[in-house]
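Hello,

Please find the structure below, as discussed. My notes on it follow, grouped by topic.

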Amino acid sequence: PPPALWCGLLGGRLLVSLFAGPRSARAHVLRLCQQGAAGAPDRAPYWAHLLGRLAREQPHRLAGHAPPLRELVEAFAALPGPVASGALLALLPLADPRAGAAGEGLEDSFVLALRKATFSREEGRRLAALKGVLHLLLERTRASARPPPRAAAAAAAARALPAPAFAGTSCSQGPGGSQALRAPGAGAAVDLTGSLRRFLGHQPAVRRALYGGLGAAAAAVGGDLVRLSGELLLPHLARLCAPAADVAAGGCPLLLDACVSREGRQVRLVEPAACLLACVLRVLRAAAAAEPEGEVAAATAAAGAHPDRRTPLGALRELFGRVCCALASPRCSLAGLGFPAACNLDAGCAEGRANLLRAEVALGALEVAVEAHLCGAAAAAAAAPPPGRAGAPPPASPAGEEAVRELLAKHAGLEEMLANRPKGAALGRS
């Protein structure tokens, strides 16, 4: 490593040790962090790294220093792009409700700074803001699902008493109800939800990161975050689905043309649909994992077998299942997907580059459909049980080995077409 890197890391280690020493030195270290983060761009990352170490290792010693920390968070939008991202992500642990006095009053500052960064022109700053929003929403959901010690003790005492005949709570008052994300921090939760909705209209790179982070967060905590994810993803997936009549005729269930923008010779991917489908699958599997055991058969529990179409999550299950089953249908051939034998895949022309991007989306969608059929999500979400058979498993076809073979055959056929494309053509898988 270069000497400058060693010097920067050594200086950070010395200041961390100093911060753990006399109380009078802590304010001086934080002032140095403020000045260094706003100073020379080549040295600012070291100060961001120092802030991260202090937030992770000594959050209790940051208590009582909320004003300078709040100033650092509020100055996020004025810092250079890479430094702003590093400083924000370094201080995010202080937004955890478990940080106690160290993070007192910082959550509102974080939400305000993230909202400003959402409208930044720099893609890197938007990506940092997205990571911050997902982190805050994840911690808020975990905090709402974790009752305070006194409440837990009271609940344990209440459970020890005989319950009256009229005892009961509505679904909106329960631990997984609609109030879980609203108290405490109701305003912050609403702002974070609005930020996620705005991210769905940002650049493809930001949406790709949103799909990956939202799916991982929903799988990690479940509950209200799964329902929120269903509300966010349903209209976005519905806009990419082809009309039912076209799908029944053997056409592609996804509007691949809507994923690619072509203006003259300029061709670009505007919707990473494969990442969207992968996110939907993770959300649906997280929702199924939260279902009570014994409510559905083991073969269908991984998919949420019986969607309630009146809820966004149930409608998302049904829509996703239709897409995966249509992709696995023998009627939907490669030509139906939009790739006939004479398909132009020459990267030297705009039409060929557009077809290459459509092929990238189609390959990713086929891979997600294979995963969905292997875990039983596709057929279970698409098949509604007849009345009186709420626990019955879904039909064996098309969600079986035959469907997986059909999907893999299409994937192999499309890969072969791409392998035999004219020289100079390129496929940038994302």
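**Cavity lining**

The residues that line the largest cavity divide into eight nonpolar, no polar and no charged. They are Cys252, Leu254, Leu256, Leu327, Leu337, Ala362, Ala365 and Leu366. Helix 17 (residues 350-374) supplies the largest share of this lining, with three residues. The volume of the largest cavity is about 30 Å³, and the structure holds one cavity of 30 Å³ or more. Please keep in mind throughout that this is a predicted model.

**Cysteines**

How many disulfides does the structure hold? The count is zero. For cysteine 324, the closest cysteine sulfur is that of cysteine 325, and at 6.9 Å the two are too far apart for a bond, because a disulfide needs the sulfur atoms to be within 2.5 Å. Cysteine 325 is likewise in no disulfide, with the sulfur of cysteine 324 as its nearest, 6.9 Å away.

Are these two cysteines buried or exposed? Cysteine 324 has a relative accessible area of 3% and is therefore buried. Cysteine 325 has a relative accessible area of 14%, so this residue is buried too; the cut-off for buried is under 20%.

Helix 15 covers residues 312-328, which is 17 residues. From the first C-alpha to the last, helix 15 reaches 24 Å, close to the 24 Å expected at 1.5 Å a residue. Helix 15 is mostly covered, with 14 of its 17 residues buried.

Helix 6 (residues 106-118) has 13 residues, and its end-to-end C-alpha distance of 18 Å is close to the 18 Å expected at 1.5 Å a residue. Which residues of helix 6 are buried? They are Leu106, Glu107, Ser109, Phe110, Val111, Ala113, Leu114, Ala117 and Thr118.

**The hairpin**

Strand 1 (residues 260-263) and strand 2 (residues 266-269) run antiparallel and are joined by four bridges. The two strands form a hairpin with two residues between them. In the turn, glycine 264 has a positive phi of about 65°. Across the pairing, arginine 262 stands opposite valine 267 of strand 2.

Which residues of strand 2 make up its covered face, and which its uncovered one? Val267 and Leu269 are on the covered face of strand 2, whereas Gln266 and Arg268 are on the uncovered face.

**Valine 133**

Valine 133 lies in helix 7 (residues 123-145). Its relative accessibility is 0%, so valine 133 counts as buried. Leucine 92 is 41 residues away from valine 133 along the chain, and the C-alpha atoms of the two are separated by 9.8 Å.

Regards

Notes. Residues are numbered from 1 along each chain as its sequence is written. This is a predicted model: local features need pLDDT of at least 70, side-chain atom pairs count only at pLDDT 80 or more; totals for chains, interfaces and linings use all residues. Side-chain values use heavy atoms; hydrogens and water are left out. Buried means under 20% relative accessible area, exposed over 50%, partly exposed in between (1.4 Å probe, protein chains only). On a 1 Å grid over the protein atoms alone, a cavity is a set of points where a 1.4 Å probe fits but cannot get out, and a pocket is an open set with protein on both sides within 12 Å along at least five of seven lines; lining residues have an atom within 4 Å of a point. Grid points are joined across faces, edges and corners, and a volume is the space filled by probe spheres set on the points. Ala, Val, Leu, Ile, Met, Phe, Trp, Tyr, Cys and Pro count as nonpolar, Asp, Glu, Lys and Arg as charged, and the others, Gly among them, as polar. The expected span of a helix is 1.5 Å times one less than its number of residues. Two strands pair if DSSP finds at least two bridges between them.
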